[in-house]
Amino acid sequence: MYSKSVQNINNLSDQILKVLHKVCGKDKLVLHEPQFCGNEWIYTKDCLDSNFVSTVGSYVDRFEEELKSYTGAKHVIAMINGTSALHMALLLIGIKPGDEILLPSLTFVATANAVNYCGAIPHFIDSNEDTLGIDSSALSSWLNQIAEIRGNKCFNKQTGRPIHALIPMHTFGHPCDLDNLKKIAHDYKLIMVEDAAESIGSWYKGCHTGTIGQIGILSFNGNKTITTGGGGAILTNDDKLAKRAKHLSTTAKKPHRWIYEHDEIGFNYRLPNINAALGCAQLEQLPDFLTSKRRLFTRYAEAFDSLKQVRLISEPAGSKSNYWLQTIVLDESVANQQNAVLKITNDYNIMTRPVWTLLHKLKPYHNFPKAPLPIAESLERRIINIPSSVGLA
Ligand SMILES: *Cc1c(COP(=O)(O)O)cnc(C)c1O
């Protein structure tokens, strides 16, 4: 009996390796690489030829316009990267030092860092087994326990501090449970800021991710679905926030042809033209990228179908995911095989990765407030990201 179960366990990593070889071939594979098959060379050359390489230039305007029409957001403000877009978004909604902000522990560190840059305090919430996003019922029961509304504001009864905002994140491109989160945000007077860094091309009930909260952000880092090298954007339907976003991210300089006057301490956070040029070329290919990523998902789904201890993450009902990073989740019974799977696949030059170390465990964040995190801690032991590049399909 003992030896039989050991053999099954040993087989699992071999079986997963076999599936990855079958779908991806045997070449050296990274997790996600960019693809530049469109007008990237033409548009960047155009920037160099015209001398417009920095934050003023026609590609910045064009990239913003095209992102507006793609996402349906009323305003798009292009930023130097997703992290600064998130920092800026939090400043815009009035986050102050000492405010608490609710966010999942299962997210990339940038989500919490942006909170910290404002002097605010991240407060970690559990995740959902299916969407991998912040879990709305865990959030609701936690708030029910610790929050009180005084006047028109929400406070943490345990720390006495105001709870000001909620930052859901759409993990690996899968939209989280936005309807319920929106309702909770409304009931507890919280502002919802969507970290849609990973989810350009993902839709929740017909709305693009990042356009459902008061404000949202995208990232165009080199490993995201489309890239500008480094880059990001703020999405909002609020005219005032948009106007202030542009002002604050361009050193708060008052518009004038020759006088340099700044009316507050601003930031140099705008996206350069040369990066926006790349972005315009990448956006033209986005529909094809999304088709390829969905095709890769289908191939993985067929190949993993026979492995009963492995669940391939698929888009939540009512959502359309961009399938940025393909993800398998091991059954609890084989969670102790996560390391063996990571080892054998990486030994064979197929890059796989566990999810980010949960933020509440990181040295800079382990003393911050948190709800019980049983699902996030279980997912951390079971998630494996597998090769997801557009070229694989
Ligand atoms: C990539 C990412 C960011 C930050 O984007 P950068 O452009 O790399 O600064 C923020 N949040 C999440 C969840 C991300 O995946």
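Which residues does the domain assignment of the protein give to domain 1, and which to domain 2? In this predicted model, domain 1 takes in residues 4-35, 286-356 and 384-392, while domain 2 runs over residues 40-283. The C-alpha centres of domain 1 and domain 2 are 29 Å apart.

The size of an interface is often given as the accessible area lost when the parts come together. For domain 1 and domain 2, the buried area comes to about 2300 Å², with carbon and sulfur atoms giving 59% of it. On the domain 1 side, the residues that lose the most area to domain 2 are Leu 286, Trp 324 and Trp 356, which together make up 32% of what that side buries.

Aromatic rings come next, and the structure holds 10 aromatic pairs. In one of them, Phe 297 and Tyr 323 are stacked, with 4.3 Å from centre to centre and 20 degrees between the planes. This pair links distant parts of the chain, as Phe 297 belongs to helix H9 (residues 273-304) and Tyr 323 to the loop between strands S13 (319-320) and S14 (326-330), 26 residues apart. Phe 297 and Tyr 323 are both buried. Elsewhere, Trp 356 forms one aromatic cluster with Phe 108 and Phe 172.

Charged side chains also meet rings. Arg 150 lies over the face of Phe 155, 4.0 Å from the ring centre, and Lys 253 lies over the face of Tyr 260, at 4.8 Å from the ring centre.

Technical notes. Residues are numbered from 1 along each chain as its sequence is written. This is a predicted model: local features need pLDDT of at least 70, side-chain atom pairs count only at pLDDT 80 or more; totals for chains, interfaces and linings use all residues. Side-chain values use heavy atoms; hydrogens and water are left out. Rings of Phe, Tyr and Trp (its six-membered ring) pair if their centres lie within 6.5 Å; planes under 30 degrees apart count as stacked, over 60 as edge-to-face and the rest as tilted. Helices (H or I, at least four residues) and strands (E, at least two) are DSSP runs, numbered from the N terminus. Buried means under 20% relative accessible area, exposed over 50%, partly exposed in between (1.4 Å probe, protein chains only). A charge sits over a ring if NZ of Lys or CZ of Arg is within 6 Å of the ring centre and within 35 degrees of the ring normal. Domain bounds come from an automatic or database domain assignment. Buried area is the accessible area (1.4 Å probe) that two parts lose on being put together, summed over both.
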